[in-house]
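Subject: Handover of a structure, with notes

Dear colleague,

I am passing on the structure below, followed by an account of what was found in it. Please read the notes with the model open beside them.

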Amino acid sequence: MDAPGDPEGPRPPGGEGSAESARETPRRLSREQLSVLISAASMNLGSMMCYSILGPFFPKEAEKKGASNTIIGMIFGCYALFELLASLVFGKYVVHIGTKFMFVAGMFVSGGVTILFGVLDQVSEGPTFIAMCFLVRVMDAVSFAAAITASSSILAKAFPNNVATVLGSLEIFSGLGLVLGPPLGGFLYQSFGYEVPFIILGCIFLLMVPLNMCILPSYESDAGEHSFWKLITLPKIGLIAFVINSLSACFGFLDPTLSLFVLEKFNLPAGYVGLVFLGLAVSYAISSPLFGLLSDKMPHLRKWLLVFGNLITAGCYMLLGPVPVLHIKSQLWLLVLALVVSGISAGMSVIPTFPEILSCAYENGFEEGLSTLGLVSGLFSAMWSVGAFIGPTLGGFLLEKIGFEWAAAIQGLWALISGLAMGLFYLLEHSRRRRRSKPQNILSSEEERTVLLPNEI
């Protein structure tokens, strides 16, 4: 594997270049790479804590203010919808805006908006409260889209040969944020009330802004000629986008539904409800670096990690309720086990998607540089946002109409379909490549005979 952050990019195998690369591979990160990792890690940790803090107690508070389950699901889901729109814009214009400015500004606005969310309990109940929830969530979504798009572009630029490993390793901090957010939010809510969790986390996020202004390097590049439309219309990338949709929908589905189901089914207090979310977050955080390293070491396995990760995720969501047709009694240990396994399978599927999209873009004529990295980062964030919008919105509606057990099963069906579709595409692709290689082998053997026969005569 090439050195992390090799400025010359991947070298072809063989020859002097690879020999020199093997001898000169640095074992330590450069100061610039270390700064990029610290900045991205702080953003992942803070943003995921701010995002996940709502799960244990906000649905209950929103119900007190007159919001239905469907409206609560839409409040969670609108975040992803506007992140989708903002990601497409920021991914297209990241070169013009500047990666560092986009990253720091996104963090600053996100921290301020988190504090604003903490004063919403002072708003009168009914339409006013609901409207203010939507407004604050939209502002948070746009700021997060700016930060995450810039972060992914910077990481791919700083570590061109180890994208999956680095992204997978940084998911430790995303998982840590998801782990700390719900229990910390639940504890602070129980101890001090609604406002304190948001104010504390918002201030922590704001304190990270000066740090990143000092240490984050700036990258400049020329604008590219390609567009999102050309990228998403590539069949392989279109199917990978469908996989990303299904996985993000599975995560988003749990936000407005799981806490209400656990409270009703197992009568757990709000502080303990946050601990239930740990199963998914911890397993995802631990498994992601391992699958990232595996993706970079053995790129040919990425496709099957995508496929089998989705299929396993589908099975886990069938067991969350569990779905009534299985005739399995709902138990807390089974719920937690299904969440743990689904966290591992999500890491198996999510981490290889970014390098798969990037390699497919390069194979189809996209230039190597910050412009393409911005497009891929924006596309990844946008496709994740599509599922993250549909997941909680549809989840809140289905929870209200048919209950958690069937709603989780329907969510798992989406992951099953995307996994099967991706597997079928890879099988067809493998079959086409084999058919193409046969005529070339026949042609090369005939040329060898033409050359060799005169000598034999």
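A nonpolar core is here a set of buried Ala, Val, Leu, Ile, Met, Phe, Trp, Tyr and Cys residues joined through side-chain atoms within 4.5 Å, where buried stands for under 20% relative accessible area, exposed for over 50% and partly exposed for what lies in between, with a 1.4 Å probe and protein chains only. The model is a predicted one, in which local features need pLDDT of at least 70 and side-chain atom pairs count only at pLDDT 80 or more, while totals for chains, interfaces and linings use all residues. Residues are numbered from 1 along each chain as its sequence is written, and side-chain values use heavy atoms, with hydrogens and water left out.

Of its 457 residues, 55% count as buried. If contact is taken as heavy atoms within 4.5 Å, then residues 24 or more positions apart account for 86% of the contacts with a separation of 6 or more.

The largest nonpolar core has 119 residues, and those with the most contacts inside it are Phe58, Leu258 and Leu320. Once its neighbours within four places in sequence are set aside, Leu258 is in contact with Val276, Phe277, Leu335, Leu339 and Phe404.

Helix H10 (residues 235-266) also holds Thr257. The helix has 32 residues and spans 45 Å from its first C-alpha to its last, close to the 46 Å expected, the expected span being 1.5 Å times one less than the number of residues. Because 25 of its 32 residues are buried, H10 is largely enclosed by the rest of the structure. After H10 comes Asn267, whose phi is positive, near 55 degrees.

Thr257 itself counts as buried because its relative accessibility is 0%. Its side chain reaches the backbone oxygen of Phe253 at 2.6 Å, and, leaving aside neighbours within four places in sequence, Thr257 is in contact with Gly395, Gly396, Leu399 and Phe404.

Helix H12 (residues 278-297) has 20 residues and reaches 29 Å between its first and last C-alpha, close to the expected 28 Å. H12 bends by about 30 degrees at Ser287, and Pro289, a proline, follows within four residues.

Glu83, in helix H4 (residues 69-97), is buried, with a relative accessible area of 4%. The C-alpha atoms of Glu83 and Phe389 are separated by 9.1 Å, although these residues are 306 apart along the chain. Beyond its neighbours within four places in sequence, Glu83 is in contact with Ala141, Phe144, Ala145, Ile148, Ser381 and Ser385.

Asp121, by contrast, is found in the loop between helix H5 (99-117) and helix H6 (127-158), and is partly exposed at 21% relative accessible area. Asp121 and Glu195 are 74 residues apart in sequence and 7.6 Å apart in space, C-alpha to C-alpha.

With kind regards

Notes. Helices (H or I, at least four residues) and strands (E, at least two) are DSSP runs, numbered from the N terminus. The bend at a residue is the angle between axes fitted to the seven residues ending there and the seven starting there. A polar contact is a pair of N or O atoms within 3.5 Å; within protein, one must be able to donate a hydrogen and the other to accept it, and residues adjacent in sequence count only if both atoms are side-chain atoms.
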